[in-house]
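This briefing describes one protein structure for a reader who is new to the subject. Please look at the sequence and the model first, and then follow the points below.

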Amino acid sequence: MQWYKRKNFNSEKIARLSKILNISNVISSLLLQRGIEDFESAKYFFRPDWSQLHDPFLMKDMINAVDRIQLAINTNERIMIFGDYDVDGTTSVALLTDYLKNKVFYVKPYIPDRYSEGYGISQKGIEVAKEEGISLIIALDCGIKSLKEINYAKELGIDFIVCDHHLPNKSIPDAVAVLNPKRSDCEYPYKELCGCGIGFKLIQALQTKLKLPENELLRYLDLVATAIAADIVPIVGENRVLTFFGLKQLQTDPRLGFKILTNQLKKPLKVTDLVFVIAPRINAAGRMDKGLNAVKLMLSIEKQEALSIARAIEFQNNERRNTEEVITKEALQQIKLEGTVNNCSSIVYNPSWHKGVIGIVASRLIEKYYRPTIVLTKSGNILTGSARSVSEFDLYKALEACKENLLQFGGHKYAAGLTLKIEKLTKFKLTFEKYVKSNISPESKKPSIEYDLDINFNDI
C-alpha cells in the first residue's frame, strides 16, 4: 500500500481563510484542498442550497425532450420508461414512472432481463412496446450507443428520448432527444451526473414547463441520492446538492420500500447506508432475478406488497453473497493453475459462472491481485464479461485497443461490460495483457491511499 499526501497550501492562505471563517488552521487546510477558498464557497459546501442546481434547459436537447413528453401528455400517448437493471437504472425508472404516472394516459416501467436481453436497449423491449401500442420510449442510464435499436424503433413508429451518462461514441443515436452532459456538443456546466441525476434534470425541466411547484420534486431525491451513492459518481457540485436533499428526504419521509430496507439501521441515514445497505439489495434483484422487482418495491405504496417484495429481495441478496463467494474462490484458483499470478492483468472464464455477480467478483479479485481484471461467463453462444480497473488506469481505452476481438463493449474508465466470441478469447487475453503491460504506470500497480494532513492528537 502506497500513501500519498495531498497538496498543501502556504500558511498565509490558510491563515487568511481561518480568519474569514473563524475556524482552525486544520479545517482551513482541509477546505482549501477541496477547492474552497472563500466565504461564499464555504457557505455552500456546509449548507448546500437548491439555488446551486443548474438550469436543466442548459442541457443539449432538453427542450426537445420536454416538448415531446408534453405532446404525449396532451394526446394521451402510451410511454415506456426503459432502464438498466442496476441501482442507477432501476432508481431512474422508478423516478420517471412515479413522476409521470398521474400525468400521462399510460406509463410502463421496463427493465431488460439480464440473461435473455443483456445490457442496454433490447429489441425485445422495443417489440413489447410495439405490442402494447407505446409510441414513446424514455431510456435512462443506457442508450447512448444503441444506434441500431433506436433506428429499429423508429421503423416501428416509436420515438426515443435517451438520458444517459456513459461516454458517447462519435455517432449519437437518431432520437428525438439525447440528454448526456458528456456529449461533446453539450454545454451543460456539470458533467458528472449519473443516469438518475439526468432523469431528475428532465423532471425538473418538465416541472418548469408544466408550471408546477419546484418543491414537489423533493420527494424524488431519495432515489437520486441512492443512485449517486451506488454509482460512485463524485459527490461534488450538483451531486452534492442532490445527495444533501436526498438524505434529508430519506431521514424525514422516505418512500415505503426504502423505509422497510432500512428499518434496522440507526438513524439518521448516511451515504454509507445507501452504498452498503440499500444499493446491494436493489442490485440483487437484477443480479439474481428481475430488476423490475426493485422498481416495484420503490413504487409500492401498499405495506403488504412492499414487505413481500422486500423479503424476496433480501433472500436474493443472501443468495448473491454465497454465489459471489464460491465464484471468487474458483477464479483465484484458476489464476494460480494457469500460472498468471505475475501478469499485469487478470482474465478468468468459466461457462457456468453466474452472470449477475461477475462484476462483484472482478472487484474481489482486485483486492487480491491489484490489476485490471475481467471476469467472463457464457451467455447463449457468446461470452459476456465485467471488467474493473485500478487507480488511474483507463479500462475503456484498453478495451478500445482490443476492439477487433470484441463484439461489444461499453462503460467507464474504471468499470465496463463486454461481449466476445469464444474463439476470440485467447487472442483477446494476449492483446489485453500486452496493452496493460505497455500502458500501466508503476503507481497503478500498487493500491494507494491519498491522505489530507498530518495532525496532532489535540487537533482531532
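Strand S9 (residues 382-388) and strand S11 (residues 415-420) run antiparallel and are joined by six bridges. Helices (H or I, at least four residues) and strands (E, at least two) are DSSP runs, numbered from the N terminus, and two strands pair if DSSP finds at least two bridges between them. The model is predicted: local features need pLDDT of at least 70, side-chain atom pairs count only at pLDDT 80 or more, and totals for chains, interfaces and linings use all residues. Residues are numbered from 1 along each chain as its sequence is written, and side-chain values use heavy atoms, with hydrogens and water left out.

**Antiparallel strands**

- Glycine 410 has glycine 417 of S11 opposite it.
- Three residues lie between S10 and S11, and the two strands form a hairpin.

**The parallel sheet**

- An open sheet is formed by five strands in the order S3-S2-S4-S5-S6, and their pairing is parallel.
- Strand S3 (106-110) and strand S6 (177-179) are the edge strands, each of which pairs on one side only.
- On average, neighbouring strands of this sheet are turned by 15° against each other, direction ignored.
- Three bridges connect strand S5 (residues 159-163) with S6 in the parallel sense.
- Isoleucine 161 has alanine 177 in S6 as its bridge partner.

**Serine 135**

- Serine 135 lies in the loop between helix H6 (123-131) and strand S4 (136-140).
- Is serine 135 buried or exposed? Its relative accessible area is 18%, so serine 135 is buried (buried means under 20% relative accessible area, exposed over 50%, partly exposed in between, with a 1.4 Å probe and protein chains only).
- Leaving aside residues up to four places away in sequence, serine 135 touches Arg68, Glu77, Arg78, Gly157, Ile158 and Asp159; contact means heavy atoms within 4.5 Å.

**Two crossing helices**

- The axes of helix H9 (residues 221-230) and helix H12 (residues 271-288) come within 9 Å and cross at roughly 90°; axes are lines fitted to C-alpha atoms, for helices over the stretch in contact, and angles run from 0 to 180 degrees between N-to-C directions.
- H9 is therefore roughly perpendicular to H12 (under 35 degrees counts as roughly parallel, over 145 as roughly antiparallel, 65 to 115 as roughly perpendicular and the rest as oblique).
- Ala225, Thr226, Ala229 and Ala230 of H9 meet Val271, Leu274, Val275, Ile278, Ala279 and Ile282 of H12.
- The contact of H9 with H12 has nine nonpolar, one polar and no charged residues (Ala, Val, Leu, Ile, Met, Phe, Trp, Tyr, Cys and Pro count as nonpolar, Asp, Glu, Lys and Arg as charged, and the others, Gly among them, as polar).

**Aromatic rings**

- The whole structure holds 10 aromatic pairs; rings of Phe, Tyr and Trp (its six-membered ring) pair if their centres lie within 6.5 Å, and planes under 30 degrees apart count as stacked, over 60 as edge-to-face and the rest as tilted.
- Phenylalanine 82 and tyrosine 110 form a stacked pair, 5.3 Å centre to centre with 25° between the planes.
- This pair links distant parts of the chain, with phenylalanine 82 in strand S2 (residues 78-83) and tyrosine 110 in strand S3, 28 residues apart.
- Phenylalanine 82 is buried at 1% relative accessibility, and tyrosine 110 is buried at 8% relative accessible area.
- Tyrosine 396 and phenylalanine 409 form a tilted pair, 5.4 Å centre to centre with 55° between the planes.
- Both tyrosine 396 and phenylalanine 409 are buried.
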